[in-house]
Amino acid sequence: MPERTILVGLYAADETPNPEDSLSELSALVDAAGGKVVGSTWQSATRADRPRSAATYIGRGKVTEVGELVKLHEAQVVVFDNELSPAQIRELEKSIECRVIDRSELILDIFANRARTREAVLQVELAQLQYTAPRLRGMWTHLERQRGGGGGAGMGNRGAGEKQIEVDRRLVSRRIAKLTRELNEIHARKERSLERRAQDAFCVGLVGYTNAGKSTLLNRLTAAGTLTQDALFATLDTLTRTWRVDGEDILLSDTVGFVRKLPHHLVASFRATLAEALHADVLLHVVDASHPDVIEQVVAVEQVLSGLDCDMARLLPVLNKMDRIDDSDVLAILRERLPGAVEISAVTGAGIEELERRVIELRTADWVAVRLSAPAGAGRARALAHDNGEVRAEHFDEEGTWSADVRIPERFLAQLAELCAGTDGTPGLLRVD
């Protein structure tokens with residue numbers, strides 16, 4: 001049975017999105033976690049980061065109201081759209097006699113339920129432990145009890161009188177260290193794989209707010225057959241497929257969507273998962289143009305990308321779900337906010353040809369024209385030119401020397417020059433642009 005849930009938020013008067021829309025997104029998060037929203041309430045504040053009460057975050061009168069909602073709807077959990085301190089959670093639970101969690105814990109719970117690969121499972125566990133570790137004292141008062149010494153103070157044994165909380169903190173610290181080591185090993189292998197892949201193919205990453213339609217677009221472009229559903233965080237693990245564009249193979253990567261107030265521990269843990277998309281040659285920022293809070297979602301994504309040190313110059317905005325837009329004013333605002341955006345519908349296929357044209361333009365933006373001359377037997381140079389560039393003309397003379405006019409990405413020039421050099425060091429590559 002889904003847990004019956006009450007939503008609570010504290011918002012500044014001029015905060016965007018407005019309280020109703022913020023609670024609507026929180027409700028979608030609860031749905032994604034398997035809960036059932038049965039009631040909600042919110043309170044205004046002078047500033048978004050300033051609680052009404054240090055002890056309970058919201059004011060005492062609002063605490064009483066929440067308690068009445070809990071009893072009225074027989075709720076089992078209260079979810080705050082704000083980050084609470086352990087002491088505030090403890091005080092709220094005492095006052096309303098119901099379990100209380102905040103937005104960060106809710107998002108971590110969703111990720112824990114959705115993680116499938118070994119890497120994602122480890123990343124979520126690490127984020128949960130990093131979130132929990134500093135909260136042990138405030139959340140669990142029973143951990144303050146004394147533990148007697150069992151077995152003396154020898155190596156690996158607890159000293160007499162050590163508190164249970166100290167034992168738990170040490171266990172958590174050890175587990176965090178172990179998870180970090182395992183993830184570092186996985187990330188090192190992935191980084192090597194990404195470097196090799198980047199040398200061989202042009203890479204495009206899909207980024208955007210959760211539920212913006214990235215997975216639907218991946219399926220439209222590559223027939224990947226990946227999961228698509230109208231739910232937040234439907235995709236957690238990065239999925240890479242081959243996108244055939246204008247006779248060329250492009251690697252297209254879909255990854256986890258972003259959301260407002262994403263827990264920083266989670267962003268840090270998933271940095272390597274995001275790397276496959278973030279290190280791409282081009283990032284397609286997929287935007288749900290039909291969403292009522294579309295501008296706030298755009299800002300949230302840009303803030304996360306900026307925090308990950310992403311090169312924003314590589315971002316190509318893609319306005320998705322254009323088939324659902326019927327407000328010309330909203331469209332005008334979006335076009336002004338995201339100049340040069342490609343307008344598409346991943347469901348109907350509208351605008352896909354223009355998207356492909358723009359990506360091909362970006363793919364060849366750093367290409368240079370060169371004239372090559374390689375001695376007989378230098379088949380690797382010819383293969384490199386054919387596989388990664390455009391061979392406009394080529395010729396073999398009687399001695400087997402290969403000459404060609406080629407356009408190729410600049411990053412391949414050093415390798416190509418080495419392969420074309422004569423045995424006496426004579427250069428076999430000449431730039432002609």
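## Sheet

Four strands form an open sheet in the order S2-S1-S3-S4, with parallel pairing. Strands are DSSP runs of E with at least two residues, numbered from the N terminus, and two of them pair if DSSP finds at least two bridges between them. Strand S2 (36–45) and strand S4 (99–102) are the edge strands, each pairing on one side only. On average, neighbouring strands of this sheet are turned by 20 degrees against each other, direction ignored.

This is a predicted model, in which local features need pLDDT of at least 70 and side-chain atom pairs count only at pLDDT 80 or more, while totals for chains, interfaces and linings use all residues. Residues are numbered from 1 along each chain as its sequence is written, and side-chain values use heavy atoms, with hydrogens and water left out.

## Strands S1 and S3

Strand S1 (residues 4–12) runs parallel to strand S3 (residues 77–80), and four bridges join them. Val79 in S3 is the bridge partner of Leu7.

Helix H1 (residues 19–32) packs on the sheet and touches S1, S2 and S3; contact means heavy atoms within 4.5 Å. The direction of H1 makes about 145 degrees with that of S1. Axes are lines fitted to C-alpha atoms, for helices over the stretch in contact, and angles run from 0 to 180 degrees between N-to-C directions. Helices are DSSP runs of H or I with at least four residues.

## Cysteines

The structure holds zero disulfides (pairs of cysteine sulfur atoms within 2.5 Å). Cys98 is buried, with a relative accessible area of 9%, and Cys203 is buried at 13%; buried means under 20% relative accessible area with a 1.4 Å probe, protein chains only.

Key:
Buried < 20%, exposed > 50% of the residue type's maximum accessible area, 1.4 Å probe, protein only.
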